[in-house]
Amino acid sequence: MRQEILEIPDAAARLLDAGDGVIAAAGRQLRALSPPVVTTVARGSSDHAASFLKYATELTAGVPVASVGPSIASIYGAKLKVGGTACLTISQSGKSPDIVAMAQAARTGGALTIAITNTAGSPLAEASDHAIDILAGEEKSVAATKSFVNSAVAGLLLLAHWTGDDALHAALRNLPQHLRNAVDCDWMGIAKALTGENSLFFLGRGPSAAIANEAALKFKETCSMHAEAYSAAEVMHGPLALVGPGFPVVALAARDASERSMAEAADLLTGKGASTFITSALAEKAAKLPFAATGHPLTDPLPLIVSFYGFVEAFARQRGLNPDQPPNLRKVTETI
């Protein structure tokens, strides 16, 4: 896992260089189609990448994005009215039968289907109109890292081509260096706050909400400790009842329109006794984590997950665990 985290910047650079042509072609077809709705189909970390791209698409293209449960096709055999829309599927292996079945159903129903995978020639790639190989290289660790980041980068590059967003395109070209900077950000200051605790919250808002979900999943996978992700707005409702003295909270704030509200939420939780950490200079009470800012609101959340991956891998080993082989888990999970 550590080696694959170190490979993230180069994997992203490789995708941006070698994968741009295929992605540009898919973007041109999206522009010509001008879909009124986009659906996404994915599970696990891939679904977090899809959620990240949902926010990015709605903010940039102004097109609503909805997640579709793969079982709609694979188990229930339902036929959705998707003619004239676009369907984005994301799967590292491209082999899960339920994801493939939903892609086939969407294509049969008249949707433009685009697959993002780390396996060229996979069943999912063959079932789709456009197949984007994220070029992350072999990923041996059970916990996905570089494949998650490259899935998100591929989606942002697709969005830049679709919408003709030159600023986003330029930000993506500069992203590998920011990812290298993120690898060097030390978040081990969080570890002390986790002593004696059995759960923690990750917070995000907008695109960083998807990053919070990814962080919570990886924390559970590698550290055998419970974690939940919440919107910085939603945490102020029911989940707030769990926050007491010393309760650990990590707020993953990006430099976008939500940063101020994220900082306010982190300070409020700190005022209630929580051990709160945040990736923002705007907070006054919460402990500040180092971060690699990118200068663009849509790329800014991605270095945060890279810094977190470095922390969670080291923290798992500190707990005497093997982050490469979590108990009960396999690298590829094929669901029906």
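Modeller: Happy to! One term to start with: buried means under 20% relative accessible area, exposed over 50%, and partly exposed in between (1.4 Å probe, protein chains only). This is a predicted model, where local features need pLDDT of at least 70, side-chain atom pairs count only at pLDDT 80 or more, and totals for chains, interfaces and linings use all residues. Residues are numbered from 1 along each chain as its sequence is written, and side-chain values use heavy atoms, with hydrogens and water left out.

Biologist: Which residues of α3 are buried?

Modeller: They are Asp20, Ile23, Ala24, Ala26, Gly27 and Leu30. Down the axis of α3 they fall within an arc of 165° (taken from the directions from the helix axis to the C-beta atoms), so they line one face of the helix. Helices here are DSSP runs of H or I, at least four residues, and strands are runs of E, at least two, numbered from the N terminus.

Biologist: And what is exposed on the other side of α3?

Modeller: Gly21 and Ala32 are exposed there.

Biologist: Switching topic, how many aromatic pairs does the structure hold?

Modeller: Seven. Rings of Phe, Tyr and Trp (its six-membered ring) pair if their centres lie within 6.5 Å; planes under 30 degrees apart count as stacked, over 60 as edge-to-face and the rest as tilted. Phe219 and Phe315 have ring centres 6.0 Å apart and planes at 15°, so that pair is stacked.

Biologist: Where do Phe219 and Phe315 lie?

Modeller: Phe219 is in α11 (residues 207-223) and Phe315 in α13 (residues 301-318), so the pair ties together parts 96 residues apart in sequence. Both are buried.
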